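Q: Could we go through a structure together? I would like to understand how its parts are arranged.
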Amino acid sequence: MIEHNVGVAPAKTYYAEADGSGLFRELVTVLETQYHAAMSYIKNLEQEQVEEEERKWQYVCQKRNFVCERCGTYPPKSERDVYFETGFCGACAHAAEKMKSE
Ligand SMILES: [Zn+2]
């Protein structure tokens, strides 16, 4: 018996026995399609959530005037810690740090 692992869904691993029949190939193809569709659906959902969080953060920046002291842009959410620590966005904080050490 030859087993083909065609994809790992969150709670289930799909296996199909290769017996040379078109039926199994069809089954494998369907499962693979479902797997890829499910994964890209989850990925899109996660991406949308990230973008939504970023939009909210940018709105907070506008309201509270959180701007980088050096380049005047709103720091992205991922650079929030750096911003509160230094008053700079990530790139400017990095540049300022480099200038200090030189
Ligand atoms: Zn900056």
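Predicted model: local features only at pLDDT ≥ 70, side-chain atom pairs only at ≥ 80, totals over all residues.

Q: Which pattern does the chain follow along the sequence?
A: Read along the sequence, the pattern is β-β-α-α-α.

Q: What is the average pLDDT of the chain?
A: The chain averages a pLDDT of 82, and 75% of the residues score at least 70.

Q: Which elements have the lowest and the highest mean pLDDT?
A: The lowest mean pLDDT among the elements, 45, belongs to strand β2, residues 12-17. Helix α2 has the highest, at 96.

Q: And where does pLDDT stay under 50?
A: That is the case over residues 8-17. The model has 19 contacts beyond four places in sequence for residues 8-17.

Q: New topic: how much of the chain is made up of buried residues?
A: Buried residues make up 8% of the 102 residues in the chain.

Q: Which residues form the largest nonpolar core?
A: The largest nonpolar core has seven residues, namely C68, V82, Y83, F88, C89, C92 and A93. Two or more residues of this core are given by each of the elements α2 and α3, the latter spanning 90-101.

Q: What is C92 in contact with, leaving aside its neighbours within four places in sequence?
A: C92 is in contact with C68, R70 and C71.

Q: What share of contacts comes from residues 24 or more positions apart?
A: Among contacts in the chain with a separation of 6 or more, such residues account for 18%.

Q: Let us turn to E53. Where is E53 found, and is E53 buried or exposed?
A: E53 is found in helix α1. E53 is exposed because it has 12 other C-beta atoms within 10 Å, and a residue counts as exposed at 12 or fewer.

Q: How far apart are E53 and K77?
A: In sequence, E53 and K77 are 24 residues apart. In space, their C-alpha atoms are 8.0 Å apart.

Q: What about R55 and K77?
A: R55 and K77 are 22 residues apart in sequence, with 9.1 Å from C-alpha to C-alpha. R55 also has its place in helix α1. R55 counts as exposed because there are 11 C-beta neighbours inside 10 Å.

Q: Where is S78 found?
A: S78 is in the loop between α1 and α2. The C-alpha atoms of S78 and E54 are separated by 8.7 Å, while the two residues are 24 residues apart along the chain.

Q: Why does S78 count as exposed?
A: S78 has 12 C-beta neighbours inside 10 Å, so it counts as exposed.

Q: Is N65 buried or exposed, and why?
A: N65 counts as exposed because it has 7 C-beta neighbours inside 10 Å.

Conventions:
Residues numbered from 1 in each chain as written. Buried ≥ 20, exposed ≤ 12 C-beta atoms within 10 Å, placed from the backbone. pLDDT = per-residue confidence, 0-100. Helix = DSSP H or I, 4+ residues; strand = E, 2+ residues; numbered from the N terminus. Contact = placed C-beta atoms within 7 Å. Core = buried A, V, L, I, M, F, W, Y, C linked by C-beta atoms within 7 Å.
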